[in-house]
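Here are a few notes to read alongside the model. I hope they are handy as you look through it.

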Amino acid sequence: MTDRSSRRPRAPRGTLNRERVLAAAVDLLDHAGPDAFTMRALAQRLGVGTMAVYSHFQGKDEIIDAVRDLLFSEVELPAEDTGRPPHAELRELCRAVYRLLSEHPSVLHLLATRPVQGDEGTLFAERALGLLRRAGLDGPAAARAYTAVMQYTVGAALWTARGRRARAAKGCDDVAERLRSRFAGLPPDRYPCLTGLAPELAAAQDGMPQYEHGLNALLAGLLGGSDGEG
């Protein structure tokens, strides 16, 4: 028998709309992951019957496409033709993508499982490659540089998202302190670097600042030292 106390309260009749469905879909994907995303689970999160969701979307694939469009619309591309150096615009562009992926890591799964229909991701790639060419890189170098920057951005975002999930699962906000304690408690004769650098390693688990530190170093190397932190 189903425990009725565990059910979400039913939504008032007539209050469901596409915006509410999409907001619930994003929340479900962020907290439960793509594998747990079903029309039934979404309806339960909304407090409605499954057929009520179908009255606004034809099915799961349409919702996923709409969620992907919604999330990519939140990425604010830097303004063009501002007179700023290309590496400054590229840094801003990468930070925007990092924020999206670290806050909504399911986006990567959505991109992998559903063919891209619109401009999501495509416009970012075009802008990034154009900025790398403006910075003086030839075609092959720009392609290599773009791929390297994207690999780093995706990896860093997933690292941050994993840390956020760990904090939520363990009910602990100070993951850095737990990491410091873990490293500091290792045998120093066997792990001299980990024990000696425990505070520094813990301090480096700070999301965006650490991402920017690596991004600045990566861009400086890729652009032949023309990039600087700023």
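1. Of the 230 residues in the protein chain, 35% are buried. Please keep in mind that this is a predicted model.

2. The protein chain holds 12 helices and 0 strands. For contacts in the protein chain between residues at least 6 apart in sequence, 65% link residues that are at least 24 apart.

3. A helix to look at is α7, which covers residues 122–134. Its 13 residues span 18 Å from the first C-alpha to the last, close to the 18 Å expected at 1.5 Å a residue. Just after α7 comes Gly136, with a positive phi of about 110°.

4. Which residues of α7 are buried? They are Phe124, Ala125, Arg127, Ala128, Leu131 and Leu132. Viewed down the axis of α7, these buried residues fall within an arc of 165°, so they line one face of the helix.

5. Next, the pairing with helix α5, residues 86–103. The axes of α5 and α7 come within 9 Å and cross at roughly 155°. That angle is over 145 degrees, which makes α5 roughly antiparallel to α7. The crossing of α5 past α7 is left-handed.

6. On the α5 side, the contact is made by Pro86, Glu89, Leu90, Leu93, Cys94 and Val97. From α7 come Phe124, Arg127, Ala128, Leu131, Leu132 and Arg134.

How values were computed: Residues numbered from 1 in each chain as written. Predicted model: local features only at pLDDT ≥ 70, side-chain atom pairs only at ≥ 80, totals over all residues. Heavy atoms only, no water. Helix = DSSP H or I, 4+ residues; strand = E, 2+ residues; numbered from the N terminus. Expected span 1.5 Å × (residues − 1). Buried < 20%, exposed > 50% of the residue type's maximum accessible area, 1.4 Å probe, protein only. Arc of directions from axis to C-beta. Axes fitted to C-alpha atoms, helices over the stretch in contact; angles between N-to-C directions. Parallel < 35°, antiparallel > 145°, perpendicular 65-115°, else oblique. Left-handed = near helix turned anticlockwise from the far one by under 90°. Contact = heavy atoms within 4.5 Å.
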